[in-house]
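Colleague: Could you walk me through this model, please?

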Amino acid sequence: MELLLKNIGLLATPTGSAAKKGIEQGEITLIENAMVGIKGGKIAYAGPADESLKADETIDCEGRLVTPGLVDSHTHLVFGGWRQKEFPLKLAGVSYLDILKAGGGILSTVEHTRAAKEEALVEKGKIHLKEMLGLGVTTCEAKSGYGLNTEHELKQLRVIKRLDEIQPVDIVPTFMGAHAFPKEFADDREGYIKYLIDNMLPAVAEQGLAEFCDIFCETAVFTPEESRRILLAAAELGLKPKAHADEIDPIGGAEMAAEVSAISAEHLIQASDRGIGSMAKSGVIAVLLPATSFYLDKPYARARDMINAGVAVAISTDFNPGSTPSLNMQFAMNLACLKYKLTPAEALTAATLNGAAAIDRAAKCGSIEAGKQADIVIWEAEDLEYIFYRYGSNLAHMVIKDGVPVMQRKECPTC
Ligand code: NIG
Ligand code: FE
């Protein structure tokens, strides 16, 4: 063994290589006085302390909690500029969709992203990823969707690929050309959809720059019918469907996601009983984004109803400059307990294994089990409840990615 984590006070992890639904979402493995052994970047042993295990190096966890690395399965990681100028409008009560309709919102970030040099976007993304890693995130998803033409969507996806190569966090790429209608096509919705299907999608697929295709299925953005068309065209080119669905209005996005066998549907604040039922039937994972509800001052998705209906629930940040200018997975986890009323065990599964399943990585990460990537967080905590209860501080003590300690908390009593 190359590395041995010993003196683990509590090892808490979901198990398996598929999303956990229903009652199973809360059935995690808890081992007191545990050890984890690592070989070749992978987990070789995870179980009770065993003094016969030997390794080149050991880390004494001093009784701390250890969990899998966090999986942030929904981010808009790469963008130009920020949108703090919209903050006063938001505080004055102007809605998210009204800001978008007036040419702000996503379209303002599109302008900044188009204007940005590829290298500048890489540098900015690196800073965000470093912060995410320090908060315990070892795998994330990243969407395009601020280019809205072939040239700039490809640029964003190339930035995502570069970022994946140059820093420790694994990044799973998603094409989201259907994020809004760009100003060039403001009066020609059908023209943009045709361009997206005939030009953008084939270019993205040919260059192998994305694994998933996502869409903003919402009032005044893409209808369920348009979404179905685009996602089916993407699926034909090998891009697996995902959908931003029923975030603001209940327009049947969850049902549409089930119909196209999407791997996941995201947001779902307004998902109907029928929508939740059809997701359960088709095995669509619900990626819920509580920090978005928090920032937009919207209701919280019905996570408990989803779990009761047999839908696997993942939680994620939705990090983006408009609706969630926060990349803090720990905060999303706090909210998942406080607002969705998930138990800490259910929320841990949501932030690890179910997140991994939502981006088709559950065979590789999301749990601490022999054979999986050694992606691990050692927490400044003795038990699982503590990290969900203490909001607002970064409680990660050490982050290990592919068996390598990559981030260590400084000796700082206030951080
Ligand atoms: O998931 N809802 C659509 N897309 C993002 C927001 C993107 C933005 O406002 O820039 C979201 O919330
Ligand atoms: Fe989003």
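This is a predicted model: local features need pLDDT of at least 70, side-chain atom pairs count only at pLDDT 80 or more; totals for chains, interfaces and linings use all residues.

Colleague: How much space lies in the second largest pocket?

Modeller: Residues are numbered from 1 along each chain as its sequence is written. A pocket is an open set of points on a 1 Å grid over the protein atoms alone where a 1.4 Å probe fits, with protein on both sides within 12 Å along at least five of seven lines, and lining residues have an atom within 4 Å of a point. With volume taken as the space filled by probe spheres set on the points, joined across faces, edges and corners, the second largest pocket holds about 250 Å³.

Colleague: Which element gives the most to the lining of the second largest pocket?

Modeller: Of its 14 lining residues, Leu100, Lys101, Leu107, Phe181 and Ala220 are the closest to the centre. Helices here are DSSP runs of H or I with at least four residues, strands are E runs of at least two, and both are numbered from the N terminus. With three residues, the top contributor is α2.

Colleague: And what is the volume of the largest pocket?

Modeller: This pocket is lined by 19 residues, with Lys90, Val94, Ile99, Tyr295 and Leu296 nearest its centre. α1 (87–91), α2 (96–101) and α10 (290–296) each give two or more residues to that lining. The volume is about 360 Å³.

Note on methods. Chains are lettered from A and ligands numbered from 1 in the order in which they are written. Side-chain values use heavy atoms; hydrogens and water are left out.
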